[in-house]
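Dear colleague,

I am passing on the structure we spoke about, and my notes on it follow below. Please read them with the coordinates open beside you.

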Amino acid sequence: MTLSRRTTLLGAATLPALGLLPFRPARAQAGGTIKIGVLNDMSGVYRDISGPTSVACVRQAVQDSGIEAKGVKVEVVAADHQNKPDVGANVARQWFDQDGVDMIIDVPNSAVALAVNSVVKEKNKVYVNSTGGTTELTGGQCSPNTVHWTYDTYMLARSTGGAMVKQGGDSWYFITADYAFGHDLERNTTNFVKEAGGKVLGSVRHPLQSTDFSSFLLQAQQSRAKVIGLANAGTDTINAVKQAAEFGVTRRGTKIAVLLMFINDVHGLGLNAAQGLVCTESFYWDLNDRTRAFTNRVKGSLNGNMPAMSHAGCYAGALHYLKVVAEMGAAAAKASGVETVKRMKAMPTDDDCFGAGKIREDGRKLHPAYLFEVKAPGDSKGPWDYYKLLETTSAEDAWRPLSAGGCPLVRS
């Protein structure tokens, strides 16, 4: 598939309409230029959890880094990968070959994330994935050029899936998005359910951007499973939860386990539909003073949206990368993505979204995971006050053990 510059570079045509003009500091100094490409879903099922809000958060990271004062100019561009691996790979290749992009960030949709991972490694650039969930990025397809920042399917399955089994949900039926992320999430959750003594009665797979979940929900109900696990994301999750409520699924005693849900999804559902749902995120805007400070800095640029963990990962990943660039110098950072990522792993992470942390040898960023329950409408004190914290899983325990991933970068 051949894509024209006009098709692939959203920044050339669509960004002005979104108010997302390429970000250029006012003063260009002598330290060189770094170009960051935000590659995500600007128009489809994952727009609210990535899209323009991710771009705004990367721009905020540029401002907060203070790198301009060190003489480095930074440009931020964006493109829509349309949830198609070939489109994502072609955009990445054009960015590197023709447009001088040094680092790609965000990339929801695990199939696209893995395609971009291969191109970045080939071109020896830097890749920080925030919004793709597949554990393959730190497993069999791990790369010395890649950092996986925000969440993955192992962490989600351990936190949300494990909690549901503890509450008595020991028989499951999955409604799963039919691509790499959904398969990975179903597989990881199945392992945790079985380890806890539960069983999986079946599963059904649906295409991306489904609007009618009635037949899938009917199959799940007919299984008589205690828990229907939704291994999907974005508007697919919103549509499935809304239709489950319309069909009275929970009134019959069945529980809905939303294995990946973002605060933006809760907003789209409304508290009446979402109350009582349990989900895992690694960031919540109202978690502590630092998360509130970050949100206050960026929210004026979000056109009424609020940052979820995916957006926070874009901010924090870009900020850490720019700290390393400032230390190495732009020329050295541009020369080798492998060397830049080595420095990113060697430098401890610290930011307002996730606090102190580190990047593991396999590229996995380590920070705590939080299990939240969605508040009832009467318990919410204002806009976006949606979550009640149930449990915290430490950074040491939240992620797949280093030895279990099969990453070839890990020393035996």
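At what angle do helix H4 and helix H13 pack, and how far apart are their axes? Before the answer, please keep in mind that this is a predicted model. Helix H4, which covers residues 51–65, and helix H13, which covers residues 289–298, pack at an angle of about 105°, and their axes lie 10 Å apart. Because angles of 65 to 115 degrees count as roughly perpendicular, H4 is roughly perpendicular to H13. On the H4 side the contact is made by Ala 56, Cys 57, Gln 60 and Asp 64, which meet Phe 294, Arg 297 and Val 298 of H13.

Turning to the domains, the domain assignment gives domain 1 as 31–150 + 285–366 and domain 2 as 152–280 + 367–391. The centres of domain 1 and domain 2, taken over C-alpha atoms, are separated by 27 Å, and the contact takes 31 residues from domain 1 and 27 residues from domain 2. Between them, domain 1 and domain 2 bury about 2,300 Å², with 64% of that area on carbon and sulfur atoms.

As for charged pairs, 1 salt bridge is found by the rule across the interface of domain 1 and domain 2. There is also a residue pair to look at in the viewer: the side chains of Arg 364 and Asp 152 meet in a salt bridge, at 3.1 Å from N to O.

Notes: Residues are numbered from 1 along each chain as its sequence is written. This is a predicted model: local features need pLDDT of at least 70, side-chain atom pairs count only at pLDDT 80 or more; totals for chains, interfaces and linings use all residues. Side-chain values use heavy atoms; hydrogens and water are left out. Axes are lines fitted to C-alpha atoms, for helices over the stretch in contact, and angles run from 0 to 180 degrees between N-to-C directions. Helices (H or I, at least four residues) and strands (E, at least two) are DSSP runs, numbered from the N terminus. Angles under 35 degrees count as roughly parallel, over 145 as roughly antiparallel, 65 to 115 as roughly perpendicular and the rest as oblique. Contact means heavy atoms within 4.5 Å. Domain bounds come from an automatic or database domain assignment. Buried area is the accessible area (1.4 Å probe) that two parts lose on being put together, summed over both. A salt bridge is a side-chain nitrogen of Lys or Arg within 4 Å of a carboxyl oxygen of Asp or Glu.
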